[in-house]
Amino acid sequence: MMGVRNMTAAMLTVPVPVTLERKRHPMRRPSATLHVPSPVLGACVMAGVERDTRGCTLTDRERFNFYPASPMASISWIFEGALHLMEDDGGAGGASTLTGLGPALPRLILAGPHTRPTASWSPGSVHALMVGIYPEAMARLLGRPVAAWLNRTVPLADVAPPALLDACNAVFGAPDAPFAKLETTLRALWNLPAQGSPIPYLGDWVRGLATRATHSGAGCSLRQWQRRIRAWTGQSQRDLEVFVRIEEAFVRRIAAGPAPNLAMIAAASGYADQSHMGRDIKRVTGVAPARFGERMAADESFWYYRLIADAIARQG
């Protein structure tokens with residue numbers, strides 16, 4: 001068998017060999033769960049995503065996990081199994097290329113906001129939880145601006161103050177209900193007013209940021225407003241608006257059903273034209289629009305996108 005790094009590069013660039021397409025076990029399918037926080041933590045935690053492939057037989061390709069670029073910071077727990085972060089060449093505008101596997105991740109990690117899509121791979125079964133945290137809330141929990149971790153993934157133990165690290169380590173004691181345990185331990189560290197939503201949307205958050213930036217501090221010039229947004233999030237308002245437009249387009253795409261009019265979706269989502277939307281989709285997901293729909297529908301490794309789409313569809 002070829003080395004892991006070479007094997008991974010081959011699977012990303014050529015059709016999967018027949019020898020890798022092993023028959024799945026009929027007893028269990030991988031599970032993915034979206035956890036929405038209670039209102040008391042609604043201004044801190046955006047959502048949690050739990051993935052469990054224990055008891056499943058997946059091909060090597062199906063053990064990839066693809067995620068979009070995101071303005072959110074996150075904390076992740078690996079309860080069972082191992083995950084390797086995919087390395088890329090750092091290309092801009094969605095043009096980065098996955099080049100191989102990094103070392104196995106620690107069991108408890110912090111990821112800052114990412115301007116590029118990311119991917120991970122597990123050599124076997126895995127049970128993990130990733131919790132998205134608003135960047136200004138993460139800065140409050142860590143005591144440092146989140147910009148220090150832009151496009152970085154680090155062991156939480158290297159950067160978290162003792163209270164936050166203890167709260168997160170306590171989650172390992174409740175692998176059957178990890179998100180509920182996190183909510184219990186995190187409440188002691190969070191004392192801002194409650195807020196909640198059936199499904200938290202990036203657009204609501206960005207609009208709220210803009211309002212707060214307008215009414216914060218003595219100065220209200222455009223430059224001061226922009227500086228506040230960047231200080232809170234590690235990204236510019238212009239960068240954040242890309243995520244808002246993509247989210248709007250994604251919601252409209254789900255609502256459109258099996259035969260969407262992409263030109264109409266682009267116009268309704270604030271794009272100059274369909275090509276403009278396509279460039280942003282590539283930038284955020286790493287996949288061209290023509291392939292994105294196919295992979296979301298049928299590719300096991302695109303489970304995250306299906307999970308979000310299902311939640312949006314259920315809300316109606």
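**Helices, a sheet and an aromatic cluster**

The crossing of α5 and α7 is left-handed. A crossing gets that label if the near helix is turned anticlockwise from the far one by less than a right angle, and counts as right-handed if clockwise. This is a predicted model, where local features need pLDDT of at least 70 and side-chain atom pairs count only at pLDDT 80 or more, while totals for chains, interfaces and linings use all residues. Residues are numbered from 1 along each chain as its sequence is written, and side-chain values use heavy atoms, with hydrogens and water left out. Helices (H or I, at least four residues) and strands (E, at least two) are DSSP runs, numbered from the N terminus.

Stay with the helices. Two packed helices are described by the angle between their axes and the distance between the axes. Here, axes are lines fitted to C-alpha atoms, for helices over the stretch in contact, and angles run from 0 to 180 degrees between N-to-C directions. Helix α5 covers residues 202-215 and helix α7 residues 237-256; their axes come within 9 Å and cross at roughly 150 degrees. α5 and α7 are therefore roughly antiparallel. The cut-offs are these: under 35 degrees is roughly parallel, over 145 roughly antiparallel, 65 to 115 roughly perpendicular, and the rest oblique.

α5 also packs on helix α6 (residues 222-233), at about 125 degrees and with the axes 9 Å apart. That angle makes α5 oblique to α6. The crossing is right-handed. α7 has a contact of its own with helix α11 (residues 303-315): the axes come within 10 Å and cross at roughly 70 degrees. So α7 is roughly perpendicular to α11. α7 passes α11 in a right-handed crossing.

Now turn to the sheet. What is the order of its strands? The 6 strands run β1-β2-β9-β4-β7-β10 in an open sheet with antiparallel pairing. β1 (31-35) and β10 stand at the edges with a single partner strand each, so one side of each has no neighbour in the sheet. Neighbouring strands are turned by 20 degrees against each other on average, direction ignored. Two strands pair if DSSP finds at least two bridges between them.

β2 pairs with β9 in the antiparallel sense over 7 bridges. Val 49 has Met 130 in β9 as its bridge partner. Strand β9 (residues 127-133) also pairs with β4, again antiparallel, over 7 bridges. There Met 130 stands opposite Ser 76.

β4 (residues 73-80) in turn pairs with β7 in the antiparallel sense over 4 bridges. Ile 75 stands opposite Leu 110 in β7. β4 is mostly covered, with 7 of its 8 residues buried. Buried means under 20% relative accessible area, exposed over 50%, and partly exposed in between (1.4 Å probe, protein chains only).

In a regular strand the side chains alternate between the two faces of the sheet. Strand β7 (residues 108-111) is covered on both: Leu 108 and Leu 110 are buried on one side, Ile 109 and Ala 111 on the other. β7 pairs with β10 (residues 153-155) in the antiparallel sense over 3 bridges. Leu 110 stands opposite Val 154 there.

Next come the rings. A search of the whole structure finds 13 aromatic pairs. Take Phe 64 and Trp 121, a tilted pair: 6.3 Å centre to centre, 50 degrees between the planes. Why does this pair tie together parts that are 57 residues apart in sequence? Because Phe 64 lies in strand β3 (residues 64-67) and Trp 121 in strand β8 (residues 118-121). Rings of Phe, Tyr and Trp (its six-membered ring) pair if their centres lie within 6.5 Å; planes under 30 degrees apart are stacked, over 60 edge-to-face, and the rest tilted.

Phe 64 is buried at 1% relative accessible area. Trp 121 is buried too, at 4%. Both belong to one aromatic cluster, whose members include Phe 66, Phe 250, Trp 303 and Tyr 305.

Ser 120 also lies in strand β8. Ser 120 is buried, at 6% relative accessibility. Its C-alpha atom is 5.2 Å from that of Met 86, 34 residues apart along the chain.

Two arginines sit over rings. Arg 107 lies over the face of Phe 172, 4.2 Å from the ring centre. Arg 140 lies over the face of Trp 190, at 5.5 Å from the ring centre. The criterion is NZ of Lys or CZ of Arg within 6 Å of the ring centre and within 35 degrees of the ring normal.
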